[in-house]
Amino acid sequence: MTLMLASVTNPAEAEAVWAGGADIIDLKDPAKGALGALDARVVAEVVHAIAKRRLVSATAGDSFASPEAVIDAVVTMAATGVDYVKVGFSSDEAGADCIRALGSLAGKVKLVGVLFADREPDLAVLRLMAEQGFVGAMLDTAAKGDGRLLDHMDVAALVRFVDQCREVGLLSGLAGSLEAPDVPRLLPLQPTYLGFRGTLCHGRSRNASIDAASVRMIRDLIPCEGDSQIAPAESRIDWRFLAARAHAAPSERTIETDRVFVHDLVIPCSIGAYDFERGLKQNVRFNIDVDIKRAQHHSDDMRDIFSYDLIVDAIKIILGRGHVELIETLARDIAESVLSHPHVVRLCVRVEKLDVICGMVGVEIKRERATELAAVDRLFPSLTGAAGNTRSH
Ligand SMILES: O=C[C@H](O)COP(=O)(O)O
């Protein structure tokens, strides 16, 4: 399950994001930069007001003159009673020295180390953080207004960050001017939390105050604990819709769909079963047609759509894992990944190698979500006629 972190500046904003369902209330001063620290008295006030109803974190800063200075900043923030203290580091020797110095606080303060996606982060430092007793690591952007997280690191690089955090036992957080369309793209990576400030504020300006409607939008895009009990592929099935459909004659039991597609996407890939194909990039063309459940009402709302970004991301994540032996495996993995999205009903995946002959070779597969009607039969046997069928045998 991925949690929602909302950054706030004062007790009123903390109450607003608490009411909006944020899982982690994060205290920072956006006017002082990406990880600007608030006055410790304000942080203590919020800790007192929230009174353990949610987790609370606070930033201690990201630019320190010496290892002693970073220890002072962290100790001051930890004394407010926050659950986690976030500290930013540069990916150089000075940053590594600060991380080592903070090892002296291991076990006393729950530390989250923040790296910046727009400052060439060195992921090797994650192991050092884990060795020094940090509990988590996070990616954010240092220069706000100069691109979103995904502008600086692509989805395959973010998968590596989350996976490496997991490998060394760190919680993982992703942030950096994230917007609503980024959320469904980042959820499949399963970070511990996604962090937001700008997109939660009036006018999308991180120095403005919190806008309750924007908090609700982001909250709705991140499944909560209740939803997480349900298997991902079935979590967003509209049972009322399916049950109603099940009243119809069998020939009418079709799902109304719309099509989202990615056509003629060409990516150089390491692919092929021959030895000579290893370490060689070959152009591969992808054509993916995805039929999605039609929304039951007219909507301009991010919460109701399936974005073509999710198709492109699925391809990039699979290719980011390394060499692919078979084009068939690639097509099947793409199909499985895209079909796991609850809006998707069926799809056609066509993968073509362009450099093998004077023309193209490839594979086309069609896959369909077959589980839905079976699930309705199981849950509402009287509606689908499954109960009657069973009795008559
Ligand atoms: O920790 C999360 C940050 O506050 C994200 O801020 P941002 O969404 O304005 O980049």
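## Domain arrangement

The C-alpha centres of domain 1 and domain 2 are 34 Å apart. Domain 1 covers 3-227 and domain 2 covers 247-392, with bounds that come from an automatic or database domain assignment. This is a predicted model, in which local features need pLDDT of at least 70 and side-chain atom pairs count only at pLDDT 80 or more, while totals for chains, interfaces and linings use all residues. Residues are numbered from 1 along each chain as its sequence is written, and side-chain values use heavy atoms, with hydrogens and water left out.

## Contact between the domains

Nine residues of domain 2 are in contact with 13 residues of domain 1 (contact means heavy atoms within 4.5 Å). About 1,000 Å² is buried between the two domains, and carbon and sulfur atoms give 72% of this area. Val155, Arg185 and Met217 together supply 43% of what domain 1 buries against domain 2, more than any other three residues. Buried area here is the accessible area (1.4 Å probe) that two parts lose on being put together, summed over both.

## Ligand shell

The ligand is surrounded by 16 residues, and the closest are Ser7, Lys28, Lys144, Ser177 and Arg206 (a residue is near a molecule if one of its heavy atoms lies within 4 Å of it). Oxygen atoms of the ligand lie 2.6 Å from a side-chain N or O atom of Ser7, 2.7 Å from a polar side-chain atom of Lys28 and 2.8 Å from a polar side-chain atom of Arg206. Taken alone, the ligand exposes 310 Å², and the protein buries 99% of that (Shrake-Rupley method, 1.4 Å probe).

Terms used
Polar contact = N/O pair within 3.5 Å; in protein donor to acceptor, adjacent residues only side chain to side chain.
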